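Reader: I would like to go through this model feature by feature. Please give me the rule for each one, then the case.

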Amino acid sequence: MSEEYKLSYFKSFKMFNRAAYALMIVFALLVRGSEITKSNFFMFYYSILFIVMIGLDEYIFKPKRNKFPYLFLGIRVYLYPILLAIGTIFCVLPGVYLVGVISVMLYITCQDLIFTDVFNTFGNYTKRGVIGLVCGSMMLYVQYREEILGVWILVSVFALAVFISMLMFVYYFHYMTVAHLDDRYTKLYFKNADMITENKKLLRFQERVEKVNSEINYQKINLTKANDDLAKINEETRSLIEVMKYFSASFNVENNAHVMLKNVVDIKQTGAVALYLDKDVYMNEEPYLEIISDNAVAETLLKQDIENIYEAIKRRKSVNPLVLCDNYDFKYPYLTGGNLCNVVVFPAYENENVYGVMVVTSSKYDFFENGYAFYESSIMDFTSALISDRLYLQTEDMAKKDGLTKIYNRIYFNQFYPALKDEVEQSGDVFTVCMLDIDHFKRVNDTYGHLAGDEVIKAVAKVDNDFAKKYNGTAVRYGGEEFLLILRGKGVEETLKILQEMHEIIKSNVIEFEDYKIQVNSSMGIACYPETCSDIHDVLDRSDKAMYYSKEHGRGRITIDGREGEEYT
């Protein structure tokens, strides 16, 4: 049995051991409480012993660094039964509890069998014999030494022999079971190996048959191939033109990517095709990945390996296609195990700089025999569209976002906020607006200069934006030193906790500018529809008033609309 397999038993054994020992403690207390025995020693000894066993098991069954604790388990199989048997020397156990003690001994012995690697050895038989003899002698002979006299001492000897035989039988039965299963496993393993060999022979035979058929029909294929190739080229050209038309009318990079991949699949009938774009290629904060596949295994492998494939392409410093697999011949350790016959990677690049990859796979033999022109044209058309899309997105982003803080500006807020209010009102969602103002900002400008003030504004805006991302909200620079945090689906109490965390971060943030260290604080106001405000159109104004209440009553605090008398920091 492997160490990994043994370690998998540990958690279950620890749980069952706790339950067994706990039941024996309860059993001891019940036996003493019902006065089946009047021995306090019995109750205390076995209660304390099982508690100690629980503690030792907690240590033994928690191996360090995934190393199997052979030494501790070897000591345990002797120590626990002997400690259980020692109690019978000092007090007579009730019969029912004696049966329980013997059961625990057998349970511990069975656990030891689970972790035994070599069976049917003299040492293993001797171990069980010694445990049975020592423990059985203490439990059966010493236990009833005053009740059995003369020749009837043979009863104890007989009971001892039965106990030892039980241990030997359990060991022998487990050994025979393992041996039988091992024999069956060996037979099945070799039978499976034979089947695999036969399957490989059949596969090779099938390939030879296909080759013979190909040679027989070679002349016929050549006659029709030229016409088919010409028709295919025309179809590919028309499809590329249609895709370019779509690109010219769309400024959505991800939609363009999907259309390109779908066209590749439809025209070339690929098994799976994937496009991976690095982050910050088109103002995307995370890498983009889309896979179109009719093979679940291939899709899983692509998700697993495509980042490594991209890094390998970048290290290669070449924009030529890279063949990963050619007719089942894998040249790199990627996408293996998916029954893929051909895999080629096409770098997506701009000015010789690789920004992504398109991976095309197929389970068809000689899938790329007509070359790579269609795929390279597809990726180059996509790159051309991407450049235009990126320029459009950058222009659009500049219009929406504040130049200093890079969060949404007041102009864009005035555009999206009315539609957002209508959507929330129709859905019945909770809607919270938080207004934030930097305390004594004019003093910062007057003391340290406007450049320092800009650094303070950027630092506070970053905190606002971080929390907007964390809680699926929206951050807005509303005025000079005023900011908004808009949260949908979060009520007053949940928002208050968020703002308290945000307020603490702003307050503890020290902005370093030249030789200065500038401490920042802020005043905040919360208004929530429908919790504090029944009219959604008043939420913004009410949050503004709550914020000004904070500024007029000491600054550096949070005010909830309608609860102005309560102070939060």
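Author: Start with a loop. Asn-472 lies between α13 (450–470) and β8 (474–477). Helices (H or I, at least four residues) and strands (E, at least two) are DSSP runs, numbered from the N terminus. This is a predicted model: local features need pLDDT of at least 70, side-chain atom pairs count only at pLDDT 80 or more, and totals for chains, interfaces and linings use all residues. Residues are numbered from 1 along each chain as its sequence is written, and side-chain values use heavy atoms, leaving out hydrogens and water.

Reader: What is the phi of Asn-472?

Author: Positive, about 55 degrees, although Asn-472 is not a glycine.

Reader: Is Asn-472 buried or exposed?

Author: Read the relative accessible area: buried is under 20%, exposed over 50%, partly exposed in between (1.4 Å probe, protein chains only). Asn-472 has 71% relative accessibility, so it counts as exposed.

Reader: Which two residues are joined by a cis peptide bond?

Author: Look at omega. For the bond joining Tyr-529 and Pro-530, omega is about 5 degrees, and the bond is cis. Pro-530 sits in the loop between β12 (522–529) and α15 (539–552).

Reader: Now strands. Which strands pair with β6, and in what sense?

Author: Two strands pair if DSSP finds at least two bridges between them. β5 (residues 342–350) pairs with β6 in the antiparallel sense over 9 bridges. β1 (residues 272–277) and β6 are also paired antiparallel, over 6 bridges. Tyr-349 has Val-354 of β6 as its bridge partner. Tyr-276 has Val-357 of β6.

Reader: How many residues lie between β5 and β6 in their hairpin?

Author: There are 2 residues between the strands. Asn-351 in this hairpin takes a positive phi near 55 degrees.

Reader: How many residues of β6 are buried?

Author: In a regular strand, side chains alternate between the two faces of the sheet. In β6 (residues 353–362), 9 of the 10 residues are buried, so the strand is largely enclosed by the rest of the structure.

Reader: On to charges. How many salt bridges are found in the whole structure?

Author: The search finds 20. The rule is a side-chain nitrogen of Lys or Arg within 4 Å of a carboxyl oxygen of Asp or Glu. Take Lys-551 and Asp-437: their closest N and O atoms are 2.6 Å apart. Lys-551 is in helix α15 and Asp-437 in strand β7 (residues 431–438), so this pair ties together parts that are 114 residues apart in sequence. At 16% relative accessibility Lys-551 is buried. Asp-437, at 5%, is buried too.

Reader: What separates Asp-541 and Lys-545 along helix α15?

Author: About one helical turn, because they are 4 residues apart in that helix. They form a salt bridge, with the closest N and O atoms 3.2 Å apart. Asp-541 is partly exposed at 38%. Lys-545 is exposed at 52%.

Reader: Which residue does Arg-542 meet in a salt bridge?

Author: Asp-561, at 3.0 Å from N to O. Arg-542 lies in helix α15 and Asp-561 in the segment after β13 (558–560), so the pair ties together parts 19 residues apart in sequence. Arg-542 counts as partly exposed at 28%, while Asp-561 is buried at 6%. There is also a network: salt bridges link Glu-423, Asp-429 and Arg-488.

Reader: Which residues form the nonpolar patch on the surface?

Author: A patch takes residues with over 30% relative accessible area and no salt bridge; nonpolar side chains (Val, Leu, Ile, Met, Phe, Trp, Tyr) are joined within 5 Å, like charges within 9 Å. Areas are Shrake-Rupley values with a 1.4 Å probe; for residues, only the protein chains shown count as cover. Here the members are Phe-44, Ile-48, Val-52, Leu-56, Leu-71, Ile-75 and Leu-79, with about 630 Å² of accessible area together. The elements giving two or more residues are α2 (40–60) and α3 (70–90). The largest share, 4 residues, is from α2. Ile-48 belongs to α2 and is exposed at 51%.

Reader: Which residues form the negative surface patch?

Author: Asp and Glu count as negative, Lys and Arg as positive; His and the chain ends are not counted. Each charge is placed at NZ of Lys, CZ of Arg, CG of Asp or CD of Glu. The patch is formed by Asp-422, Glu-425, Asp-535 and Asp-538. Glu-425 lies in helix α11 (residues 410–427) and is partly exposed, at 37%.
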